[in-house]
Amino acid sequence: MVGVVACGSVSSIKALWETRIKKVEQEQEDQRSRKARGGATGRLSVGVWEDRAVLARLKQKLQTEDGRLILRIEQEEWKSLPGCLVQLSQVQEWQIHRTGLQKIPHFISSFQNLLVIDLSRNGITEIPKQIGKLTRLRELLLSYNRVQFVPEELSSCESLERLELAMNRDLNQLPDQLQNLKNLQHLDLSMNDFTCMPDCVVALPALEWLDMGGNQLQRLPEDIHRMEKLHTLWLQRNELEKLPDNISRMASLDTLVLSSNRLRDIPSLMEDMSNLRFVNFRDNPLTLDVTLPCSRTETEDEEDDDEDDREMFGREFMLMYIKESRKRAYAVLNMHCVNQPIDDPSE
(Lines give C-alpha, C1' and ligand atoms only; values in the text may rest on other atoms or scores of the structure.)
Protein backbone atom coordinates (compact mmCIF):
# COMPACT_ATOMS: atom_id res chain seq x y z
CA MET A 1 0.00 0.00 0.00
CA VAL A 2 2.87 2.33 0.82
CA GLY A 3 4.48 1.51 -2.53
CA VAL A 4 1.38 2.59 -4.39
CA VAL A 5 1.25 5.90 -2.58
CA ALA A 6 4.92 6.50 -3.32
CA CYS A 7 4.39 5.68 -6.97
CA GLY A 8 1.42 7.99 -7.16
CA SER A 9 3.34 10.78 -5.49
CA VAL A 10 6.20 10.48 -8.03
CA SER A 11 3.77 10.57 -10.93
CA SER A 12 2.07 13.69 -9.59
CA ILE A 13 5.38 15.45 -9.04
CA LYS A 14 6.53 14.55 -12.55
CA ALA A 15 3.30 15.83 -14.10
CA LEU A 16 3.51 19.07 -12.15
CA TRP A 17 7.11 19.59 -13.21
CA GLU A 18 6.34 19.06 -16.90
CA THR A 19 3.46 21.51 -16.65
CA ARG A 20 5.71 24.17 -15.19
CA ILE A 21 8.37 23.59 -17.89
CA LYS A 22 5.76 24.01 -20.65
CA LYS A 23 4.46 27.18 -19.03
CA VAL A 24 7.96 28.65 -18.83
CA GLU A 25 8.66 27.71 -22.45
CA GLN A 26 5.35 29.28 -23.54
CA GLU A 27 6.15 32.47 -21.65
CA GLN A 28 9.58 32.63 -23.31
CA GLU A 29 8.02 32.10 -26.74
CA ASP A 30 5.43 34.81 -26.08
CA GLN A 31 8.19 37.14 -24.98
CA ARG A 32 10.19 36.49 -28.17
CA SER A 33 7.07 37.10 -30.27
CA ARG A 34 6.40 40.39 -28.51
CA LYS A 35 9.96 41.49 -29.10
CA ALA A 36 9.77 40.55 -32.78
CA ARG A 37 6.49 42.43 -33.22
CA GLY A 38 7.88 45.38 -31.34
CA GLY A 39 10.99 45.46 -33.58
CA ALA A 40 8.92 45.29 -36.77
CA THR A 41 6.67 48.04 -35.49
CA GLY A 42 9.73 50.07 -34.66
CA ARG A 43 11.20 49.57 -38.11
CA LEU A 44 7.86 50.41 -39.71
CA SER A 45 7.63 53.54 -37.65
CA VAL A 46 11.14 54.57 -38.73
CA GLY A 47 10.19 54.01 -42.40
CA VAL A 48 7.05 56.08 -42.03
CA TRP A 49 8.96 58.90 -40.41
CA GLU A 50 11.63 58.78 -43.11
CA ASP A 51 8.96 59.04 -45.84
CA ARG A 52 7.37 61.94 -44.03
CA ALA A 53 10.73 63.70 -43.77
CA VAL A 54 11.48 63.18 -47.48
CA LEU A 55 8.00 64.33 -48.47
CA ALA A 56 8.38 67.46 -46.33
CA ARG A 57 11.69 68.12 -48.07
CA LEU A 58 10.08 67.72 -51.49
CA LYS A 59 7.23 70.04 -50.57
CA GLN A 60 9.82 72.72 -49.91
CA LYS A 61 10.82 72.41 -53.57
CA LEU A 62 7.37 73.31 -54.85
CA GLN A 63 6.89 76.65 -56.60
CA THR A 64 4.06 78.31 -58.43
CA GLU A 65 4.84 80.14 -61.67
CA ASP A 66 2.31 81.45 -64.18
CA GLY A 67 -0.39 79.47 -62.42
CA ARG A 68 1.53 76.19 -62.65
CA LEU A 69 2.70 74.07 -59.73
CA ILE A 70 6.37 73.23 -60.31
CA LEU A 71 8.70 70.79 -58.57
CA ARG A 72 12.14 72.39 -58.90
CA ILE A 73 15.32 70.66 -57.71
CA GLU A 74 18.72 72.04 -58.69
CA GLN A 75 22.20 70.71 -57.90
CA GLU A 76 21.21 68.37 -55.08
CA GLU A 77 21.88 64.64 -55.00
CA TRP A 78 18.76 62.68 -55.93
CA LYS A 79 19.89 59.55 -57.77
CA SER A 80 16.35 58.22 -57.54
CA LEU A 81 12.96 59.72 -56.78
CA PRO A 82 11.12 58.30 -53.72
CA GLY A 83 7.76 56.57 -53.94
CA CYS A 84 6.22 59.11 -51.59
CA LEU A 85 6.46 61.59 -54.46
CA VAL A 86 3.15 60.22 -55.78
CA GLN A 87 1.47 62.19 -53.01
CA LEU A 88 2.35 65.30 -55.05
CA SER A 89 0.61 64.08 -58.20
CA GLN A 90 -1.00 67.50 -58.70
CA VAL A 91 2.38 68.89 -59.83
CA GLN A 92 2.34 70.15 -63.44
CA GLU A 93 6.07 70.54 -64.10
CA TRP A 94 9.19 68.68 -63.09
CA GLN A 95 12.31 70.85 -63.27
CA ILE A 96 15.07 68.59 -61.95
CA HIS A 97 18.61 69.44 -63.07
CA ARG A 98 22.15 68.37 -62.10
CA THR A 99 21.04 65.93 -59.41
CA GLY A 100 22.65 62.74 -60.71
CA LEU A 101 19.19 61.25 -61.30
CA GLN A 102 19.70 57.85 -62.94
CA LYS A 103 16.19 56.78 -63.87
CA ILE A 104 12.69 58.06 -64.40
CA PRO A 105 10.45 56.17 -61.93
CA HIS A 106 7.79 53.83 -63.28
CA PHE A 107 5.21 55.58 -61.14
CA ILE A 108 5.54 58.53 -63.53
CA SER A 109 2.17 57.38 -64.92
CA SER A 110 0.53 58.59 -61.69
CA PHE A 111 1.25 62.20 -62.64
CA GLN A 112 -1.59 62.78 -65.08
CA ASN A 113 -1.38 66.56 -64.63
CA LEU A 114 2.19 66.82 -65.91
CA LEU A 115 2.65 69.26 -68.78
CA VAL A 116 6.45 69.59 -68.68
CA ILE A 117 9.17 67.12 -67.71
CA ASP A 118 12.60 68.76 -67.73
CA LEU A 119 15.27 66.38 -66.47
CA SER A 120 18.20 67.83 -68.43
CA ARG A 121 21.77 67.35 -67.23
CA ASN A 122 21.41 64.20 -65.17
CA GLY A 123 22.47 60.57 -65.63
CA ILE A 124 19.25 59.05 -66.97
CA THR A 125 19.82 55.93 -69.07
CA GLU A 126 16.28 54.99 -70.12
CA ILE A 127 12.79 56.30 -70.65
CA PRO A 128 10.16 54.03 -69.06
CA LYS A 129 7.28 52.73 -71.13
CA GLN A 130 4.86 54.14 -68.56
CA ILE A 131 5.55 57.62 -69.88
CA GLY A 132 3.09 56.85 -72.67
CA LYS A 133 0.29 57.27 -70.13
CA LEU A 134 0.92 61.02 -69.93
CA THR A 135 -1.45 62.16 -72.65
CA ARG A 136 -1.39 65.79 -71.49
CA LEU A 137 2.42 66.09 -71.57
CA ARG A 138 3.59 68.92 -73.84
CA GLU A 139 7.35 69.04 -73.27
CA LEU A 140 9.87 66.28 -72.58
CA LEU A 141 13.41 67.63 -72.13
CA LEU A 142 16.10 65.01 -71.57
CA SER A 143 19.21 66.60 -73.08
CA TYR A 144 22.62 65.90 -71.56
CA ASN A 145 21.80 62.47 -70.17
CA ARG A 146 22.75 58.91 -71.17
CA VAL A 147 19.57 57.79 -72.93
CA GLN A 148 20.30 55.07 -75.49
CA PHE A 149 16.78 53.93 -76.34
CA VAL A 150 13.44 55.64 -76.87
CA PRO A 151 10.38 53.41 -76.29
CA GLU A 152 7.60 53.30 -78.89
CA GLU A 153 5.13 54.05 -76.08
CA LEU A 154 6.30 57.67 -76.19
CA SER A 155 4.18 58.01 -79.34
CA SER A 156 1.09 57.82 -77.10
CA CYS A 157 1.92 61.24 -75.63
CA GLU A 158 -0.49 62.79 -78.08
CA SER A 159 -0.13 66.35 -76.76
CA LEU A 160 3.68 66.44 -77.01
CA GLU A 161 4.92 69.59 -78.74
CA ARG A 162 8.60 69.71 -77.75
CA LEU A 163 11.09 66.84 -77.46
CA GLU A 164 14.75 67.43 -76.64
CA LEU A 165 17.25 64.56 -76.60
CA ALA A 166 20.48 66.44 -77.35
CA MET A 167 23.86 65.19 -76.12
CA ASN A 168 22.92 61.63 -75.20
CA ARG A 169 25.91 60.45 -77.26
CA ASP A 170 24.98 56.82 -78.00
CA LEU A 171 21.44 57.52 -79.19
CA ASN A 172 21.26 56.56 -82.89
CA GLN A 173 17.70 55.55 -83.71
CA LEU A 174 14.05 56.34 -83.01
CA PRO A 175 11.00 54.06 -83.24
CA ASP A 176 8.83 54.50 -86.34
CA GLN A 177 5.79 54.98 -84.11
CA LEU A 178 6.99 58.49 -83.19
CA GLN A 179 5.55 59.74 -86.47
CA ASN A 180 2.20 59.55 -84.65
CA LEU A 181 3.17 62.61 -82.58
CA LYS A 182 0.86 64.84 -84.60
CA ASN A 183 1.52 67.95 -82.49
CA LEU A 184 5.31 67.77 -82.22
CA GLN A 185 6.78 71.06 -83.43
CA HIS A 186 10.26 71.20 -81.89
CA LEU A 187 12.78 68.31 -82.00
CA ASP A 188 16.39 68.47 -80.81
CA LEU A 189 18.53 65.42 -81.64
CA SER A 190 21.87 67.23 -81.79
CA MET A 191 25.18 65.76 -80.60
CA ASN A 192 24.19 62.11 -80.78
CA ASP A 193 25.23 59.24 -83.05
CA PHE A 194 22.68 59.28 -85.89
CA THR A 195 24.06 58.33 -89.31
CA CYS A 196 20.82 59.14 -91.14
CA MET A 197 17.68 61.12 -90.48
CA PRO A 198 15.06 58.71 -89.04
CA ASP A 199 12.02 58.06 -91.25
CA CYS A 200 9.68 58.98 -88.39
CA VAL A 201 11.23 62.46 -88.24
CA VAL A 202 10.56 63.13 -91.93
CA ALA A 203 6.96 61.96 -91.40
CA LEU A 204 6.18 64.29 -88.47
CA PRO A 205 3.33 66.44 -89.86
CA ALA A 206 3.65 69.49 -87.57
CA LEU A 207 7.44 69.71 -87.19
CA GLU A 208 8.74 73.28 -87.51
CA TRP A 209 12.19 73.21 -85.86
CA LEU A 210 14.79 70.42 -86.11
CA ASP A 211 18.37 70.26 -84.86
CA MET A 212 20.49 67.28 -85.92
CA GLY A 213 23.83 69.04 -85.73
CA GLY A 214 26.83 67.23 -84.32
CA ASN A 215 25.84 63.73 -85.46
CA GLN A 216 27.33 61.42 -88.11
CA LEU A 217 24.81 62.12 -90.89
CA GLN A 218 26.16 60.94 -94.23
CA ARG A 219 23.13 61.75 -96.34
CA LEU A 220 19.71 63.38 -96.23
CA PRO A 221 16.51 61.60 -97.30
CA GLU A 222 15.39 62.20 -100.88
CA ASP A 223 11.87 62.91 -99.63
CA ILE A 224 13.00 65.61 -97.22
CA HIS A 225 10.50 67.97 -98.85
CA ARG A 226 7.72 66.08 -97.03
CA MET A 227 8.58 68.23 -94.01
CA GLU A 228 6.24 70.92 -95.28
CA LYS A 229 6.09 73.05 -92.13
CA LEU A 230 9.78 72.95 -91.23
CA HIS A 231 11.22 76.47 -91.07
CA THR A 232 14.50 75.86 -89.20
CA LEU A 233 16.98 73.05 -89.91
CA TRP A 234 20.34 72.71 -88.16
CA LEU A 235 22.74 70.21 -89.78
CA GLN A 236 26.14 71.60 -88.79
CA ARG A 237 29.10 69.31 -87.95
CA ASN A 238 28.01 66.18 -89.81
CA GLU A 239 29.47 64.11 -92.66
CA LEU A 240 27.20 65.30 -95.50
CA GLU A 241 28.82 65.22 -98.96
CA LYS A 242 25.77 66.04 -101.05
CA LEU A 243 22.36 67.69 -100.71
CA PRO A 244 19.28 66.16 -102.35
CA ASP A 245 17.69 68.31 -105.08
CA ASN A 246 14.36 68.06 -103.27
CA ILE A 247 15.68 70.28 -100.53
CA SER A 248 14.74 73.11 -102.87
CA ARG A 249 11.07 72.09 -102.48
CA MET A 250 11.01 72.88 -98.75
CA ALA A 251 8.82 75.95 -99.19
CA SER A 252 8.65 76.92 -95.51
CA LEU A 253 12.39 76.68 -94.80
CA ASP A 254 13.91 80.02 -93.84
CA THR A 255 16.99 78.94 -91.81
CA LEU A 256 19.42 76.25 -92.97
CA VAL A 257 22.77 75.66 -91.25
CA LEU A 258 25.20 73.37 -93.09
CA SER A 259 28.56 74.49 -91.75
CA SER A 260 31.37 71.99 -91.10
CA ASN A 261 30.27 69.20 -93.42
CA ARG A 262 31.88 67.67 -96.52
CA LEU A 263 29.77 69.32 -99.18
CA ARG A 264 31.39 69.56 -102.61
CA ASP A 265 28.59 71.44 -104.36
CA ILE A 266 25.36 73.40 -103.93
CA PRO A 267 22.25 72.25 -105.87
CA SER A 268 21.37 74.89 -108.46
CA LEU A 269 17.66 74.52 -107.69
CA MET A 270 18.28 76.11 -104.29
CA GLU A 271 18.35 79.53 -105.92
CA ASP A 272 14.55 79.29 -106.19
CA MET A 273 14.13 79.04 -102.39
CA SER A 274 12.70 82.53 -102.00
CA ASN A 275 11.80 82.05 -98.31
CA LEU A 276 15.33 81.03 -97.32
CA ARG A 277 16.63 84.01 -95.33
CA PHE A 278 19.66 82.49 -93.62
CA VAL A 279 21.95 79.73 -94.86
CA ASN A 280 25.47 78.84 -93.81
CA PHE A 281 27.98 76.84 -95.89
CA ARG A 282 31.07 77.71 -93.84
CA ASP A 283 33.86 75.10 -93.56
CA ASN A 284 32.83 72.88 -96.47
CA PRO A 285 35.28 71.73 -99.18
CA LEU A 286 33.22 73.25 -102.01
CA THR A 287 34.60 72.71 -105.50
CA LEU A 288 34.48 76.35 -106.56
CA ASP A 289 36.36 79.10 -104.80
CA VAL A 290 33.80 81.89 -104.60
CA THR A 291 34.24 85.01 -102.49
CA LEU A 292 31.84 87.90 -102.12
CA PRO A 293 33.29 91.38 -102.59
CA CYS A 294 34.10 92.95 -99.23
CA SER A 295 31.99 96.02 -98.44
CA ARG A 296 33.52 96.78 -95.04
CA THR A 297 35.19 99.95 -93.87
CA GLU A 298 37.96 100.19 -91.29
CA THR A 299 35.77 102.07 -88.80
CA GLU A 300 33.16 99.31 -88.33
CA ASP A 301 33.40 97.33 -85.10
CA GLU A 302 34.18 93.66 -84.49
CA GLU A 303 30.54 92.68 -84.03
CA ASP A 304 29.82 93.81 -87.57
CA ASP A 305 32.90 91.87 -88.66
CA ASP A 306 31.34 88.67 -87.34
CA GLU A 307 28.05 89.40 -89.09
CA ASP A 308 29.79 90.07 -92.38
CA ASP A 309 31.93 86.98 -91.89
CA ARG A 310 28.81 84.85 -91.59
CA GLU A 311 27.28 86.44 -94.66
CA MET A 312 30.35 85.51 -96.70
CA PHE A 313 28.99 81.98 -96.62
CA GLY A 314 25.28 82.88 -96.47
CA ARG A 315 22.48 83.40 -98.96
CA GLU A 316 24.34 85.84 -101.19
CA PHE A 317 27.28 83.48 -101.25
CA MET A 318 24.96 80.61 -102.21
CA LEU A 319 23.42 82.54 -105.09
CA MET A 320 26.81 83.65 -106.38
CA TYR A 321 28.14 80.12 -106.11
CA ILE A 322 25.22 78.72 -108.12
CA LYS A 323 25.66 81.46 -110.73
CA GLU A 324 29.37 80.79 -111.03
CA SER A 325 28.79 77.04 -111.17
CA ARG A 326 26.29 77.46 -113.98
CA LYS A 327 28.62 79.80 -115.85
CA ARG A 328 31.47 77.33 -115.70
CA ALA A 329 29.19 74.48 -116.77
CA TYR A 330 28.15 76.49 -119.84
CA ALA A 331 31.80 77.29 -120.59
CA VAL A 332 32.73 73.61 -120.45
CA LEU A 333 29.76 72.72 -122.68
CA ASN A 334 30.70 75.38 -125.24
CA MET A 335 34.29 74.25 -125.27
CA HIS A 336 33.13 70.70 -125.84
CA CYS A 337 30.98 71.82 -128.77
CA VAL A 338 33.84 73.82 -130.30
CA ASN A 339 36.18 70.85 -130.10
CA GLN A 340 33.67 68.54 -131.76
CA PRO A 341 34.89 67.50 -135.27
CA ILE A 342 32.69 68.84 -138.08
CA ASP A 343 31.56 66.22 -140.55
CA ASP A 344 32.47 66.95 -144.18
CA PRO A 345 29.14 67.06 -146.14
CA SER A 346 30.96 65.92 -149.30
CA GLU A 347 31.80 62.61 -147.72
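How many nonpolar, polar and charged residues are in the lining of the largest pocket? Six are nonpolar, two are polar and six are charged. For these classes, Ala, Val, Leu, Ile, Met, Phe, Trp, Tyr, Cys and Pro count as nonpolar, Asp, Glu, Lys and Arg as charged, and the others, Gly among them, as polar.

Before going on, a note on the source. This is a predicted model, in which local features need pLDDT of at least 70, side-chain atom pairs count only at pLDDT 80 or more, and totals for chains, interfaces and linings use all residues. Residues are numbered from 1 along each chain as its sequence is written, and side-chain values use heavy atoms, with hydrogens and water left out.

Back to the pocket. A pocket here is found on a 1 Å grid over the protein atoms alone, as an open set of points where a 1.4 Å probe fits, with protein on both sides within 12 Å along at least five of seven lines; lining residues have an atom within 4 Å of a point. The largest pocket has a volume of about 230 Å³, where grid points are joined across faces, edges and corners and the volume is the space filled by probe spheres set on the points. Its lining has 14 residues, and Asp-245, Asp-265, Ile-266, Pro-267 and Ser-268 are the ones nearest the centre.

Now the chain as a whole. Its secondary structure comes to four helices and eleven strands. Helices (H or I, at least four residues) and strands (E, at least two) are DSSP runs, numbered from the N terminus. Of the 347 residues, 39% count as buried. Buried means under 20% relative accessible area, exposed over 50%, and partly exposed in between, with a 1.4 Å probe and protein chains only.

Strands β1 (residues 62-65) and β2 pair in the antiparallel sense over four bridges; two strands pair if DSSP finds at least two bridges between them.

From β2 we move to β3. These two run parallel and are joined by five bridges. Leu-71 has Trp-94 of β3 as its bridge partner, and Glu-74 has His-97. On to β4: three bridges join β3 to β4, again in parallel, and Glu-93 stands opposite Val-116 in β4.

Is β3 largely enclosed or left open by the rest of the structure? It is largely enclosed, because five of its five residues are buried. In a regular strand the side chains alternate between the two faces of the sheet. In β3, Glu-93, Gln-95 and His-97 are on one side, Trp-94 and Ile-96 are on the other, and all are buried.

Gln-75 lies in the loop between β2 (68-74) and β3 (93-97), and has a positive phi of about 55 degrees although it is not a glycine. With 61% relative accessibility, Gln-75 counts as exposed. Arg-98, in the loop between β3 and β4 (116-118), also has a positive phi, near 55 degrees, and is not a glycine either. Arg-98 is partly exposed, at 47%.

Now the core. In soluble globular proteins, nonpolar side chains tend to be buried together. A nonpolar core is a set of buried Ala, Val, Leu, Ile, Met, Phe, Trp, Tyr and Cys residues joined through side-chain atoms within 4.5 Å. The largest one has 80 residues, and Trp-94, Met-270 and Phe-281 have the most contacts inside it. Elements giving two or more residues to this core are α1 (2-59), β2, β3, α2 (199-202) and α4 (315-338). The largest share, four residues, comes from α4.

Which residues does Phe-281 touch, not counting those up to four places away in sequence? Among them are Leu-243, Ile-266, Met-270 and Phe-317; contact means heavy atoms within 4.5 Å.

Last, Thr-232, which lies in strand β9 (residues 232-234). Thr-232 counts as buried, at 8% relative accessibility. Beyond its neighbours within four places in sequence, its contacts include Trp-209, Leu-210 and Asp-254.
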